Amino acid sequence: MNADSAAPRTADHDVTSWLPDVLVTALVALVSVPPLVASHISAAVGVPFLACAITPLLWRRRHPLVVFTVISVVVAVAVGLSPQLALQLAPVVALSAVAAHSSRRAAFIAA
């Protein structure tokens with residue numbers, strides 16, 4: 001038995017602590033797909049941007065500013081390349097995480 005297997009599990013490693021993040025990420029993905037399909041953008045362009053904009057939401061409570069920054073950059077690049085690409089929900093969810101899990105100053109700067 002090695003030392004790692006005997007270590008107590010922390011909240012970051014607990015599966016149930018990730019459940020809200022997984023559910024929110026799945027909901028954002030589910031809501032974001034129909035506008036992507038309706039925009040008639042190639043799946044080769046839209047799906048990678050959608051994945052890059054939504055996947056960071058899994059860490060929104062643990063690293064809200066980093067997640068907001070990553071999502072903002074991805075959305076800015078996506079809109080710069082294809083203005084029809086609709087990724088509006090992910091930045092809003094990330095910004096709400098900054099407001100809920102960061103300092104007031106950080107939330108003000110992010111907004």
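Colleague: Which residues of H4 are buried?
Modeller: The buried residues of H4 are Pro64, Val67, Phe68, Ile71, Val74, Val75 and Ala78, where buried means under 20% relative accessible area, exposed over 50% and partly exposed in between (1.4 Å probe, protein chains only). Seen down the axis of H4, these residues fall within an arc of 135 degrees, so they line one face of the helix; the arc is that of the directions from the helix axis to the C-beta atoms. Helices (H or I, at least four residues) are DSSP runs, numbered from the N terminus.
Modeller: This is a predicted model, in which local features need pLDDT of at least 70 and side-chain atom pairs count only at pLDDT 80 or more, while totals for chains, interfaces and linings use all residues. Residues are numbered from 1 along each chain as its sequence is written, and side-chain values use heavy atoms, with hydrogens and water left out.
Colleague: What do the buried residues of H4 pack against?
Modeller: They pack against helix H3 (43–54), helix H5 (89–101) and helix H6 (104–110), contact meaning heavy atoms within 4.5 Å.
Colleague: And which residues are exposed on the other side of H4?
Modeller: Val66, Gly80 and Leu81 are exposed there.
Colleague: Changing topic, how many salt bridges are there?
Modeller: There are three salt bridges, each a side-chain nitrogen of Lys or Arg within 4 Å of a carboxyl oxygen of Asp or Glu. Asp21, Arg60, Arg61 and Arg62 are linked in a network of them.
Colleague: Is Asp21 buried or exposed?
Modeller: Asp21 counts as buried, at 0% relative accessibility.

Methods
Helix = DSSP H or I, 4+ residues; strand = E, 2+ residues; numbered from the N terminus.
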